[in-house]
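Notebook open, model loaded. I want to look at a sheet and then at a pocket.

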Amino acid sequence: MTARSYTVAFQGVEARLVEVQCAVAPGLPAFSVVGLPDKAVSEARERVRAAFASMSIALPSRRITINLSPADLPKEGSHFDLPIALALLAAIGIIPAEKAEETIALGELSLDGQLMPVAGALPAAVTAAEEGRMLLCPELSGPEAAWVDAAQVIGAATLTEVVQHFTGQRRIEPSMPGEALSGLGGKDLRDVKGQEQAKRALEIAAAGRHHMLLIGPPGSGKSMLAARLPSILPPLSPAEALETSMIHSLCGLIDAGGISRARPFREPHHTASMAAIAGGGRRAQPGEISLAHNGVLFLDELPEFGRPVLETLRQPLESGEVMVARANAHVKYPSRFMLIAAANPCKCGYLADANRACSRAPLCGADYLGRISGPLLDRFDLHLDVPPVDVSDLELPPCAEGSAQVAQRVAVARETQTERFRGHPGLRQNADAEGTVLEDIAAPDAESRDLLLRAAERFGLSARGYHRILRVARTIADLACEDRVQRRHFAEALSFRLPSAR
């Protein structure tokens, strides 16, 4: 007899449907799994055998063959345990075969029949909704998958509960979505003493999703400013939260089924490898730039990162996605993030301090920042020199304006952009605008155009740099709630693009 159940195989954030076929035929007793399984899938037969024994279910003394179709698609992960067990239960007549065929299942079996949570429940639920099937998963993965309203999600704690559910002995209630987690707390812009220009740049970057480079001596507050950026960003929209959570689900980063509405804030160490940043490895897993999708990627000590690692950022910064190409996989991940980077002006960090600078100044600064390529520097919308904080500033009372007040202005500016780009698929913030759309929303008048042309001639602006100034000026005008971009907006945008001009 041949029975079927269904599961999924992951290719990036896409979960492809896999048919699990189980045939019980005459012959010498054997239990084999075919269909391009990896080691974890091949070992499923031992876990299934032990789980059946714990339930006092004897496997027939016949030849059992499990085929995972399509056979040319690599199958990886322990989540194939449950669908294999389900197809085998249907093949030996313990559960109705038609019930198994209506189900997409994923879950790892322990030796005593417990169902262990697995990564990827959310993408699997999306596929279940598209296929019009029920999703069966471990109980702890149910709250995560239940965020997909169009799919019926059943979460079981043990294989025994699965059998009881399909035989009508005890029905399992559908899973409910986990709690939506709120944003980060505890870090407020009010904590930052001085650095008013840096706070202004941070507000502009948050409002338009602009990339920003902070250069300053040690202790000037670069990391402190970046850590408070999430406190002024608006929460993820439902669509953005689902996009981001799909990637986090593949990496098992969703806690207790709760989808976070806070924007991701990723801060990898400068020793991170290229695969850790861009994605890769044996299973072509997403990297930090994809885990930061719809959020912030903070790279502290930017020149200390490996040159090849930094160069991998160039294409995702422009396109908003990254293609992870391996010998056995070509996977595309979304990576529309805001890049915030911090660097010291030189290796010792005190280039501008006459009392502490090394004898190699200014060559030490040129050598140190020269580790960052010109094309990558050109992709930063805002370049900011962060001066050292005077000790006397630390005695000042906290600022009257904190993150809550700045976040309100940022939210208003982002709502303006949402309305502006409503008829343009793929565009959400000013940083996404290009071509005729950018010309329409940030067209400079004659006076502003003359300012931009003189600046371009004086400082050698590239075409990319010119367009980034237009985008930043449009954001500054949005923060001022003005429909037209004025000369003063372009002037402020230029001041952040050309720090040496200040």
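**Sheet, then pocket**

I started with an open sheet of 5 strands, in the order E11-E14-E17-E10-E18 with parallel pairing; strands pair here if DSSP finds at least two bridges between them. Strand E11 (265-266) and strand E18 (382-385) are the edges, each with a single partner strand, so one side of each has no neighbour in the sheet. Element names are DSSP runs numbered from the N terminus: helices are H or I with at least four residues, strands are E with at least two.

This is a predicted model, so I kept to its rules: local features need pLDDT of at least 70, side-chain atom pairs pLDDT 80 or more, while totals for chains, interfaces and linings use all residues. Numbering runs from 1 along each chain as its sequence is written, and side-chain values use heavy atoms, without hydrogens and water.

Next I checked E10 (212-215) against E17 (338-343): they run parallel, joined by 4 bridges. Leu214 has Ala342 of E17 as its bridge partner. Helix H8 (196-208) packs on the sheet and touches E10, E17 and E18 (contact: heavy atoms within 4.5 Å). The direction of H8 makes about 165° with that of E18.

Then the largest pocket: how much space lies in it? I got about 540 Å³. A pocket is an open set of points on a 1 Å grid over the protein atoms alone, where a 1.4 Å probe fits, with protein on both sides within 12 Å along at least five of seven lines; lining residues have an atom within 4 Å of a point. I noted 27 lining residues, with Phe10, Gln11, Gly12, Glu76 and Arg283 nearest the centre. E16 gives the largest share of the lining, 5 residues.

Terms used. Points joined across faces, edges and corners; volume = space filled by probe spheres on them. Axes fitted to C-alpha atoms, helices over the stretch in contact; angles between N-to-C directions.
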